[in-house]
Amino acid sequence: MARVTVEDCIDKVDNRFELVLLAGHRARQISQGAPITIDRDNDKNPVVALREIADETLSPGDLKEDLIHSLQKHVEVDEPEAPEAPVLPDASAGTVTAEAESDDDAVAFDRMTEEDLLAGIEGLVPPEKSDDF
């Protein structure tokens, strides 16, 4: 192929703008030392990149994924999801259900009214001050 044109590449990559992005990314890879898949024939890196795309020596899908990966600032890692937390009994019910009582891992909470809490707070004695300092 003596001359490469956009029409030679457009049947491999449908969008002209995407073609420019992919060819530019590939040209930067070549300038950074990536091996080329065709004969250079004294062409510059952007022309070599377009010729590689036109000759289908590189997959446009792989090139697109590599471009996206190079532009990402944070790469997400697939980690297993944490198991769901157990459902606690309804706080408004006031009583613990029979199902929750049967579980060995069920946690029982004491119920206290506001009056009981105030009476308990009033019964507390403040710590004595010492003049040791």
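Student: Which residues are linked with Arg51 in a network of salt bridges?
Tutor: This is a predicted model. In it, the side chain of Arg51 makes a polar contact with the side chain of Asp41 at 3.3 Å. A polar contact at 2.7 Å joins the side chain of Arg51 to that of Asp43. The residues linked with Arg51 in the network are Asp41 and Asp43.

Student: How many residues apart in sequence are the parts that the pair Asp41 and Arg51 ties together?
Tutor: The two side chains meet in a salt bridge, 3.3 Å from N to O. Asp41 lies in the loop between helix 2 (16–31) and helix 3 (45–54), and Arg51 lies in helix 3, so the pair ties together parts whose separation in sequence is ten residues.

Student: Is Arg51 buried or exposed?
Tutor: Arg51 is found in helix 3. Buried means under 20% relative accessible area. Arg51 has 7%, so Arg51 is buried.

Student: Why is helix 3 largely enclosed by the rest of the structure?
Tutor: Look at its buried residues. They are Asn45, Val48, Ala49, Arg51, Glu52, Ile53 and Ala54. Helix 3 is largely enclosed because the buried ones number seven of its ten residues.

Student: Which helices do the buried residues of helix 3 pack against?
Tutor: Leaving aside residues up to four places away in sequence, Ala23 touches Ala49, Leu50 and Ile53. Of these, Ala49 and Ile53 are among the buried residues of helix 3. Those buried residues pack against helix 1 (6–10), helix 2 and helix 4.

Student: Which residue with positive phi follows helix 3?
Tutor: Go to the residue after the helix. Its phi is near 60°, and the residue is Glu56.

Student: What is the distance between the closest N and O atoms of Arg16 and Glu7?
Tutor: Arg16 counts as partly exposed at 47% relative accessibility. Glu7 is exposed, at 52%. They form a salt bridge, and the closest N and O atoms are apart by 4.0 Å.

Student: What is that distance for Lys12 and Asp11?
Tutor: Lys12 is partly exposed, with 25% relative accessibility. Asp11 is exposed, with a relative accessible area of 53%. Their salt bridge has its closest N and O atoms apart by 3.2 Å.

Student: How many salt bridges does the count come to?
Tutor: The rule asks for a side-chain nitrogen of Lys or Arg within 4 Å of a carboxyl oxygen of Asp or Glu. Lys12 with Asp11 is one of the pairs. By this rule, the count of salt bridges is six.

Student: What is the area of the nonpolar surface patch that includes Met112?
Tutor: Met112 lies in the loop between helix 5 (98–102) and helix 6 (114–122). Met112 is exposed, with a relative accessible area of 58%. The patch is made by Met112, Leu117, Ile121 and Leu124, and its area is about 430 Å².

Definitions and conventions. Residues numbered from 1 in each chain as written. Predicted model: local features only at pLDDT ≥ 70, side-chain atom pairs only at ≥ 80, totals over all residues. Heavy atoms only, no water. Patch = residues over 30% accessible without salt bridge, like charges linked within 9 Å, V, L, I, M, F, W, Y side chains within 5 Å. Areas by Shrake-Rupley, 256 points an atom, 1.4 Å probe, with all protein chains shown as cover. Helix = DSSP H or I, 4+ residues; strand = E, 2+ residues; numbered from the N terminus. Buried < 20%, exposed > 50% of the residue type's maximum accessible area, 1.4 Å probe, protein only. Contact = heavy atoms within 4.5 Å. Polar contact = N/O pair within 3.5 Å; in protein donor to acceptor, adjacent residues only side chain to side chain.
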